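I opened this entry to note down what I looked up, one place at a time. The sequence and the structure come first, and my notes follow.

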Amino acid sequence: MLDVRRLRLLRDLARLGTIAAVARSHTYTPSAVSQQLAVLEREAGVPLLERTGRRVVLTPAGVVLVRHAETVLAALEDAGAALATAREEPVGPLRIGAFPTAVRTLLPGALVALGLDHPGLELMVTELDPVAMPEALRERRLDVALVNDYDVMPVEPDPALDAVPLLDETVFLAVPATGAAPGADPVGDARHAAWIVGSPGTACHAVTLRVCRTAGFSPLVRHHADDFAAVLALVAAGQGVSLVPRLAAARPPAGVRLVPLATRRRTRVTYRRGAATHPAVAACVTAVRASTRAYLDR
């Protein structure tokens, strides 16, 4: 019989690439991970791993088992959801992750509704950059997450996760209002401007670089800021230009001009595959969608 915990380690090795990374992810030692994978190989009866130099890669049998592992883990989520529906009301912790603008705009109304409709839920919110959400969901540090990507830099679907669309919003180029109005190619017109971008490693940082390179240049990065209120304040102070999505641009400060771009930011509600029917997850998705509609209708 294959052990589910060891299947999860194999799945994470396929995703993360090294035993050391798997160990960090699970707060194990590398030797403990190696031992558990060796036991899994004995359980499977076929080689699952092979060494190429200093790296460990999956054999064809290992790749097949990883595909089945995703199905097994999703089935366990589904089983847990089915058991949870036997309760009269959703109860217990509900760990929600969201990126900063969603925490400020979309999530508050949903939290109020969940507290009123399902008082047995213990709501726990964590603010994270979208790039960190999938791992937090897979590691069960989150149950539901509001994540986003951009049409110019789409994120590949994760086989361990499911999602429902929530919002598709315009991205603006925020420029000082005192300057000349941008022309037909506003990003290209800003090739000689100073740029305000997110911290390296964040989705906003990567998207800004992609948008600028598509326009034929690398941006002159003058400032790094992850809070869009701070970004807009810097733009208003004449410190540069920046990309700002609609949710963050509802009330720009005086001195900022917002130029709509063709680029779109897409937000979705994500959870582990198989968890869609879990009462707490389903209640959260319903509340977030209602809160989003109410926010946009204001």
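**Notes on a predicted model**

I began with helix 2, whose buried residues I listed as Ile19, Ala21, Val22, Ala23, Ser25 and His26. The model is a predicted one, and in it this helix, residues 19-26, is mostly covered, with six of its eight residues buried. I then asked what covers the buried residues of helix 2. Among the elements I found there are helix 1 (4-16), helix 3 (30-44), strand 2 (55-58) and helix 7 (133-138). Moving just past the end of helix 2, I noted that threonine 27 takes a positive phi of about 55 degrees.

Next I searched for aromatic pairs, and the count came to one. The pair is formed by tryptophan 195 and phenylalanine 217, which are tilted at 45 degrees between the planes and lie 6.3 Å apart, centre to centre. Tryptophan 195 belongs to strand 7 (residues 194-197), while phenylalanine 217 sits in the loop between helix 9 (203-214) and strand 8 (220-224), so the pair ties together parts that are 22 residues apart in sequence. I checked accessibility too: tryptophan 195 is buried at 0% relative accessibility, and phenylalanine 217 is buried with a relative accessible area of 8%.

Last, I turned to threonine 170 in strand 6 (residues 161-176). Is threonine 170 buried or exposed? Its relative accessibility is 19%, and buried means under 20%, so threonine 170 counts as buried. Leaving aside neighbours within four places in sequence, I found threonine 170 in contact with Val244, Pro245, Arg246, Pro260, Leu261, Thr263 and Arg264. With arginine 264, the side chain of threonine 170 makes a side-chain polar contact of 2.7 Å.

Definitions and conventions. Residues numbered from 1 in each chain as written. Predicted model: local features only at pLDDT ≥ 70, side-chain atom pairs only at ≥ 80, totals over all residues. Heavy atoms only, no water. Helix = DSSP H or I, 4+ residues; strand = E, 2+ residues; numbered from the N terminus. Buried < 20%, exposed > 50% of the residue type's maximum accessible area, 1.4 Å probe, protein only. Polar contact = N/O pair within 3.5 Å; in protein donor to acceptor, adjacent residues only side chain to side chain. Contact = heavy atoms within 4.5 Å. Phe/Tyr/Trp six-rings, centres within 6.5 Å; stacked < 30°, edge-to-face > 60°.
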